[in-house]
Amino acid sequence: MLLKTKIRDRMIPLENYSSVFPEATLREAALALRTSHCELETGMCTEAGPRTVLVADENSNLLGILDFNSFLETLIPEIAGGLSAKLSALGVSIAFAQADAADLDESRLGFRARVIKNAETKVKNIMLKIRGTIDADASLMDGLKKIYRNKITVLPVYEKDKLVGVIRDTDLFLAVADILSEENS
Amino acid sequence: MGKNDKFLMIILLCLMSLILVVSPALADASAESVADGPAWWFWPLVLLIVTFIMGILAVLGGVGGGVLFVPIISGFFPFHLDFVRGTGLLVALSGALAAGPGLLKMNLASLRLAIPVALIASTCAIAGAMIGLALPTNIVQISLGATILGICALMLTAKKSEIPDVPKADRLSSALRICGVYQEASTGEIIDWKIHRTPLGLVMFVFIGVMAGMFGLGAGWANVPVLNLLMGAPLKISVATSKFLLSITDTSAAWIYLNKGCVIPMMVVPSLVGIMLGSFVGVRLLKIAKPAFIRWMVIGILAFAGIKALHKGIFG
């Protein structure tokens with residue numbers, strides 16, 4: 001079953017996946033992802049919703065991708081950021097404190113105000129690189145291998161040179177789970 | 001016991017255990033000093049402890065690390081002034097380098113404002129470093145004492161203006177396109193800023209550069225008032241640009257000290273580690289409370305160190 005299934009049978013078509021321009025702000029990207037992840041239009045909130053948003057230019061050329069982690073690292077760097085982000089924030093706090101202007105330090109603002117401010121970051125500055133793509137006619141097994149070898153969660157699917165959809169680790173899991181489900185029934 | 005009290009208690013316990021560990025070592029070292037001077041690790045350890053406390057005080061008192069380091073270490077420790085100034089520049093530089101990327105990323109440090117100013121200040125800092133190393137030590141010490149007392153007066157009297165009123169940008173700043181926009185995070189307001197009195201400001205940076213290079217003080221204490229009060233840049237932009245400026249100005253002067261052999265790793269490494277660790281702790285403490293008396297205490301210590309420098313310069 002898994003050997004015969006093609007990527008195109010399991011992928012999410014591009015029109016059902018959210019994408020933003022590189023010049024968009026994180027706020028726009030976050031709201032787009034929220035809509036597609038929770039399928040707000042249909043009033044459903046499902047865990048199977050997309051967990052990433054694509055970054056593409058006007059000609060639909062895929063430039064990068066944003067996942068939950070890249071959102072949170074930027075929106076709340078003091079919690080989700082790496083060591084360098086935390087040290088950088090400390091350096092800024094020290095700069096303001098040593099100038100006797102600690103009250104101007106933005107890290108002292110409320111959580112909400114900081115999130116709103118950080119959401120103005122441009123998507124192109126934080127997007128992740130695309131690590132691998134797959135052909136729509138490749139087998140699901142190939143997709144599974146590529147996702148695990150590249151340690152990624154989503155794989156853009158191309159038909160010739162055109163981006164047509166996205167296959168996710170969730171889709172591959174569901175395909176594998178289907179085998180078990182068929183065996184039980 | 002609240003979370004904050006626990007945090008303070010942990011810091012106090014750490015400081016006490018540090019003293020307990022260090023005191024027998026100091027006793028050993030002083031015993032050795034009778035015969036052939038203290039052990040090699042004695043002064044680096046003292047510097048580490050003193051600069052750690054200095055880092056906390058600098059953050060809580062609202063002064064730069066270099067401003068505290070040079071007068072205190074040169075006044076009360078048996079190091080030659082040249083080595084202290086070389087280390088002082090690197091101490092000031094470490095804070096600037098730690099803050100620089102974050103300030104640029106937040107769009108607070110203005111490159112348009114910093115570059116022309118940095119060109120003048122760093123050139124003059126090189127000249128200042130050369131003058132400082134060429135002059136007799138006692139003259140530099142007297143000038144340092146006078147400058148420190150001047151900084152105390154500035155800290156006591158200088159006011160700040162969060163968003164100064166700049167009716168019209170002057171011709172030079174318009175030609176150099178020194179202006180910008182930033183978003184005030186607390187209100188979401190977009191603030192358009194421009195500057196005036198640019199020629200006078202640039203002349204001031206000639207003096208600031210010379211003093212930064214000559215005394216190894218860093219120059220945040222002078223940069224911020226000139227950028228904010230004289231040139232009319234918003235306080236937030238002034239503070240951020242001043243810190244970014246230090247990374248350029250102090251680097252230029254530090255090369256001169258490095259080239260003349262005035263930068264000793266044995267002094268620099270413990271001082272940098274101490275001041276940065278102290279600053280990190282200071283920032284944490286600042287989030288709990290900012291005792292007003294600490295700033296007064298720091299000004300008092302600086303004034304005392306300034307008088308001591310004057311005394312040392314005049315009477316040897």
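**Entry 1: chain B, overall**

In what order do the elements of chain B run from the N terminus on? I read them off as α-α-α-α-α-α-α-β-β-α-α-α-α-α. That comes to twelve helices and two strands, where helices (H or I, at least four residues) and strands (E, at least two) are DSSP runs numbered from the N terminus. Before going on I noted that this is a predicted model, so local features need pLDDT of at least 70 and side-chain atom pairs count only at pLDDT 80 or more, while totals for chains, interfaces and linings use all residues. Residues are numbered from 1 along each chain as its sequence is written, and chains are lettered from A and ligands numbered from 1 in the order in which they are written.

I looked up burial next. Of the 316 residues of chain B, 47% count as buried; a residue is buried if 20 or more other C-beta atoms lie within 10 Å of its own, exposed if 12 or fewer, and partly exposed in between, with C-beta atoms placed from the backbone. For contacts (two residues whose C-beta atoms, placed from the backbone, lie within 7 Å) with a separation of 6 or more, residues 24 or more positions apart make up 82% in chain B.

**Entry 2: chain A, overall**

I get nine helices and seven strands for chain A. Its C-alpha trace spans about 70 × 40 × 35 Å along the principal axes. Of its 185 residues, 29% count as buried. Residues 24 or more positions apart account for 59% of the chain A contacts with a separation of 6 or more.

**Entry 3: sheets of chain A**

I went through the strand pairing, where two strands pair if DSSP finds at least two bridges between them. One open sheet has three strands in the order β2-β3-β4 of chain A, with mixed pairing. Its edge strands are β2 (19–20) and β4 (62–67) of chain A, each pairing on one side only. Strand β3 (residues 52–56) of chain A runs antiparallel to β4(A), joined by five bridges. A:Val55 stands opposite A:Gly64 there.

The other sheet I checked is also open and mixed, with four strands in the order β1-β7-β6-β5 of chain A. β1 (12–13) and β5 (134–135) of chain A each have a single partner strand, so one side of each has no neighbour in the sheet. Two bridges join β5(A) to β6 (residues 154–159) of chain A, and these strands run parallel. The bridge partner of A:Asp135 in β6(A) is A:Tyr158.

**Entry 4: the hairpin in chain B**

β1 (residues 179–183) and β2 (residues 190–194) of chain B pair antiparallel over five bridges. B:Cys179 stands opposite B:Lys194 in β2(B). The hairpin has six residues between the strands, and B:Gly188 takes a positive phi near 80°.

**Entry 5: cores**

A nonpolar core here is a set of buried Ala, Val, Leu, Ile, Met, Phe, Trp, Tyr and Cys residues joined through C-beta atoms within 7 Å. Of the 103 residues in the largest nonpolar core, A:Ala95, A:Phe96, B:Ile208 and B:Val239 touch the most other members. α4(B) gives the most to this core, with twelve residues. Not counting residues up to four places away in sequence, B:Val239 touches A:Ala95, A:Phe96, A:Ala99, A:Ala101, A:Leu104 and B:Val224. Another core of 26 residues lies apart from it, including A:Val55, A:Leu75, A:Val123 and A:Val154.

**Entry 6: a loop proline**

Is B:Pro78 buried or exposed? With 7 other C-beta atoms within 10 Å, B:Pro78 is exposed. I placed B:Pro78 in the loop between α3 (65–76) and α4 (81–105) of chain B. The C-alpha atoms of B:Pro78 and B:Lys243 are separated by 30 Å, and these residues are 165 apart along the chain.
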